[in-house]
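Biologist: I've got a protein chain open on my screen and I'd like to learn my way around. Could you walk me through it?

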Amino acid sequence: MLLGNAKIATIDKTSDGDRFSYCMRNNGAVAIKDDMIVWVGDADAIPAEYKDAAKFPYHDLEGRLITPGLIDCHTHVVHGGNRAVEFEMRLEGAGYEEIARAGGGIVSTVTATREADVDQLLKSALPRVDALLAEGVCVIEVKSGYGLDRETELNMLRAARKIEEVRAVRIKTTFLGAHATPAEFKGEPDRYIDEVCIPTLRAAHAEGLVDAVDGFCEGIAFNTDQIARVFDVARELDIPVKLHAEQLSNIGGTKLAASYGALSIDHVEYANEDDAKAMAASGSVAVLLPGAFYTLHETQLPPIEAFRKHGVPMAVATDCNPGTSPLMSILLTMNMSCTFFRLTPEEALCGATAHAARALGLDDTGQVKEGMRADLAIWDVSHPAELSYRIGFNPLFDRIFGGVSMKS
């Protein structure tokens, strides 16, 4: 197809190559063949071969905006149950211990997830996936981490893989066995890492279920030595790593992940300038998660200025999960990243496209560029800043996935 009479935010490097920007074309066109973008340019310079309507049917977009399809690079959309009752209990004054005694917290999600089979996990995930697709998302990263035993962790990854079979979306799976210590290993995190987490990682890799390996490096989860043991196995298996780090405190997770060349380091509210320098040196993406910041009433801001100063790419993602970020809107995430973290709308859009692609190790998406996959979002807006500016408003006109319009 040939898309014309459009504004295009191609999302490309600035002329000095220092950062990504909108790189707007105000009267542009995009030619698509099969699942690839084959030409992008000004509407008055369309090559003759793409003007053949029999081969490239023309679609007049009437001035609408084209962006890359959006990418949610950090989610936990596959899980059992929900924590709505716990949410209500907290608002009525219940404390952590009371909620835990009532079976709440991560224990409730682990229990519900263990009770669900692959088909049930898939069925419960699809409404969350559909909410993201309805806002122009074309790639979703999905983590395990709510099974904390071999079979359930594998089932979560199997369910994640099945999403691609029933929805027009690209799924990247992440093994997060080092998410928490389950009740049956209470007080024995090292034994859990050695007896469950690492053997399950090997099994998941053998089954072709793992695109990346993650962990939660925090005082309430796992320390740097324990995460390093998991990352050593990931390196042996040639799987890239990423890390939940510096969300609640700073115990050295960012520097550890950077030393392993992590694709991304996520949350990072308590990261500092030295951490930013380490991330810049390793090329790791800082994934900002304003949904968790909001839900937890956090006040510690990520070091945005240090990331800018040292050229650390910043992605934004929903962190969709049942406990700390029950958020299923990438557009609201972009708004929150601007409102809470003071990103510019341009940074937010780059964070949900080109930088999010980098956080997943993808080099064929996240930009409107020749040779990229034809994953696009078409919007009823006049300027890309509107995508971050509005709250509770979805201006998506069409989502093109692999060269196929979802309106057709």
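Predicted model: local features only at pLDDT ≥ 70, side-chain atom pairs only at ≥ 80, totals over all residues.

Biologist: Which stretches of the chain make up domain 1 and domain 2?

Modeller: The domain assignment gives domain 2 as 70-360. Domain 1 is written in two pieces, 2-67 + 366-405.

Biologist: How far apart are the C-alpha centres of domain 1 and domain 2, and how many residues of each are in contact?

Modeller: The centres of the C-alpha atoms lie 30 Å apart. For contact, heavy atoms have to come within 4.5 Å. By that rule, domain 1 brings 28 residues and domain 2 brings 25 residues.

Biologist: Which residues form a salt bridge, and how far apart are their closest N and O atoms?

Modeller: The rule finds one salt bridge across the interface of domain 1 and domain 2. To qualify, a side-chain nitrogen of Lys or Arg must be within 4 Å of a carboxyl oxygen of Asp or Glu. Glu346 and Arg19 pass, with their closest N and O atoms at 3.0 Å.

Biologist: How many residue pairs are in polar contact between the two domains, and which element gives the most to the domain 1 side?

Modeller: Seven residue pairs are in polar contact between domain 1 and domain 2. On the domain 1 side, the elements giving two or more residues are strand 3 (20-21), strand 16, helix 15 (386-389) and strand 17 (396-401). The one that gives the most, with four residues, is strand 17.

Biologist: Which residues does the UniProt "binding site" annotation cover, and why do they gather at one spot?

Modeller: The annotation, from an unreviewed UniProt entry, covers Tyr146, Asn321 and Gly323. They span 178 residues in sequence, yet they gather at one spot because no two of their C-alpha atoms are more than 11.1 Å apart.

Biologist: Is Tyr146 buried or exposed?

Modeller: Tyr146 sits in the loop between strand 9 (137-143) and helix 5 (150-166). Its contacts include His76, Glu153, His179 and Asn321. Buried means under 20% relative accessible area. Tyr146 has 4%, so it is buried.

Biologist: And Gly323, buried or exposed?

Modeller: Gly323 is in the loop between strand 15 (314-316) and helix 12 (330-341). Leaving out residues up to four places away in sequence, it touches Arg83 and Thr295. Its relative accessibility is 13%, so Gly323 counts as buried.

Biologist: What does Thr365 touch?

Modeller: Thr365 is in the loop between helix 14 (354-359) and strand 16 (376-379). It is buried, with a relative accessible area of 5%. Not counting residues up to four places away in sequence, Thr365 touches Ile71, Arg170, Ala357, Met372 and Asp375.

Biologist: What is the phi of Arg342, and is this residue buried or exposed?

Modeller: Most residues other than glycine have a negative phi. Arg342 is not a glycine, yet its phi is positive, at about 65°. It lies in the loop between helix 12 and helix 13 (345-351). With a relative accessible area of 58%, Arg342 is exposed.

How values were computed:
Residues numbered from 1 in each chain as written. Heavy atoms only, no water. Buried < 20%, exposed > 50% of the residue type's maximum accessible area, 1.4 Å probe, protein only. UniProt positions renumbered as here; feature names shortened; annotations may be inferred. Domains from an automatic or database assignment. Polar contact = N/O pair within 3.5 Å; in protein donor to acceptor, adjacent residues only side chain to side chain.
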